Amino acid sequence: MKRTPITAKLLAPIALKRDRQSDRSGSVRSVAGTAVRGALAFLYLQHHGHADGLFNRLFLNENSCRFGPLDPGPKHFPLTAASCKREGITHALVDQLWYRTAQHYMAGLVEESAESTWRQCEQCSADLKGHDGFWEEKENNNLGEMKNDRQHVAAHVGIDRQTATAAESILYTLESTLPSNEKKDLYGWILADDQALEALKELLKLEDYRISVGHHRTRGYGDIHIQLDKTVEQVDFESRPENWDLWSQRLTGFLSSQPLSVPDINSEHFYFSLSFPTGALFVDKFLRYSLDPAAMLSWLSPMSSIDDAFPIQSRPLHQLSSGGAMQWVTAVTKHEPLRGWNAAHGLPRQDEWSVARGSVYVYCFQGTLEQREVLIQHLKTLSKDGVGLRRNEGFGTVVISDDFHYQFRNQWRSNRD
Ligand SMILES: [Zn+2]
């Protein structure tokens, strides 16, 4: 499959609810891949009348076509990103993953003064707290945050089902996102083989590249114009294997040097991280929801239970059948409820528990270079295929050893010169 970045312009306000509560539900900023896929599948059925082989290829076969979420920015902050509690990233932005890795080795032995850059804003001494949202890369390695200033609340009159006129004393509010003055409002991607991509392009052309997503579409909400950018090979967008080694070396250097000075870090070991920028759905062999990617990847080291986790030296080593051993080091992750609507059945989808967007896991591999090569092949396959359920709705996309954790390992300000 190849990756086609897509952008969207809002033609009308868009209403995306956080959950099914109709009267008091906050809104979210992204259109889920599920909704993008659903909108296109709906158009396909309107034009073709029934689900044929091509329909299956486009919307059911995750090896020929996948739909990512449409987000207000090209990139999502990982769960490890933190910013100044008072002034956000204009004061400070820091990624805490490498610091958390050190914490697992030190287990409470780091001195408070050595930790301040990951805990306190260097400008105003306020605490740092987790930073959510979307960003884009700017020139000179700069980072621009996507503003969240287009939320709008409208009051609507309820419609009486019997008379089809305004219902007496029923008013409700509806939160929505307004179109901006920018050329692009939303950013996403499609992963597709050549045949599926051609079919999607034809379908979109029939509709003038307009699709309709979100709630209250009958009231004029949710019209968006889609633009397909240049298709690229998938690997160009993932972190490259030649950089994974560098990432590992930089992390061991960071751990063993000031101010954290973690003792006994072996720079021969290979550290890597798995990030899930679009979230993921993992189930174990009993189909129970899990936060651990090892539930679905047999070669990956399982996360330790808290009783076995400290000290890290006593943490169980996961022996690989191809030689070498792997240890789970740290993870920043959480469950999120996943809700949806099944338009075909006219019923709510079954609720599921997903791994939140931006979750990150760190592992350490110990073994010879030949043994490591087998692991690298596993990682290459993983970054190409993703992992978990509902991958054709954009879940389970993996970034290996994301450069973000290196770039923002120390405190950074967006207004620096
Ligand atoms: Zn501050």
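**Close-up views of a predicted model**

**View 1. Strands β18 and β19 pair in the antiparallel sense.** Two bridges join β18 to β19 (residues 325–332); strands count as paired if DSSP finds at least two bridges between them. His-318 has Met-326 of β19 as its bridge partner. Helices (H or I, at least four residues) and strands (E, at least two) are DSSP runs, numbered from the N terminus. Residues are numbered from 1 along each chain as its sequence is written. The model is predicted: local features need pLDDT of at least 70, side-chain atom pairs count only at pLDDT 80 or more, and totals for chains, interfaces and linings use all residues.

**View 2. Five strands make an open antiparallel sheet.** The strand order is β18-β19-β24-β15-β25. β18 (318–319) and β25 (399–400) are the edge strands, each with a single partner, so one side of each lacks a neighbour in the sheet. Helix α3 (residues 97–106) packs on the sheet, where it touches β15 (270–276), β19 and β24 (359–366); contact requires C-beta atoms, placed from the backbone, within 7 Å. The direction of α3 makes about 120° with that of β19 (axes are lines fitted to C-alpha atoms, for helices over the stretch in contact; angles run from 0 to 180 degrees between N-to-C directions). Helix α6 (residues 241–256) also packs on the sheet, touching β15 and β25, and its direction makes about 110° with that of β15.

**View 3. Helix α1 spans residues 33–48.** Its 16 residues reach 22 Å from first C-alpha to last, close to the 22 Å expected (1.5 Å times one less than the number of residues). Buried residues of α1 include Gly-33, Leu-40 and Tyr-44 (buried: 20 or more other C-beta atoms, placed from the backbone, within 10 Å of the residue's own). The buried residues of α1 pack against α2 (53–59), β2 (65–67), β11 (186–192), α5 (194–206) and β12 (210–212). Just after α1, Gly-49 has a positive phi of about 85°.

How values were computed:
Buried ≥ 20, exposed ≤ 12 C-beta atoms within 10 Å, placed from the backbone. Contact = placed C-beta atoms within 7 Å.
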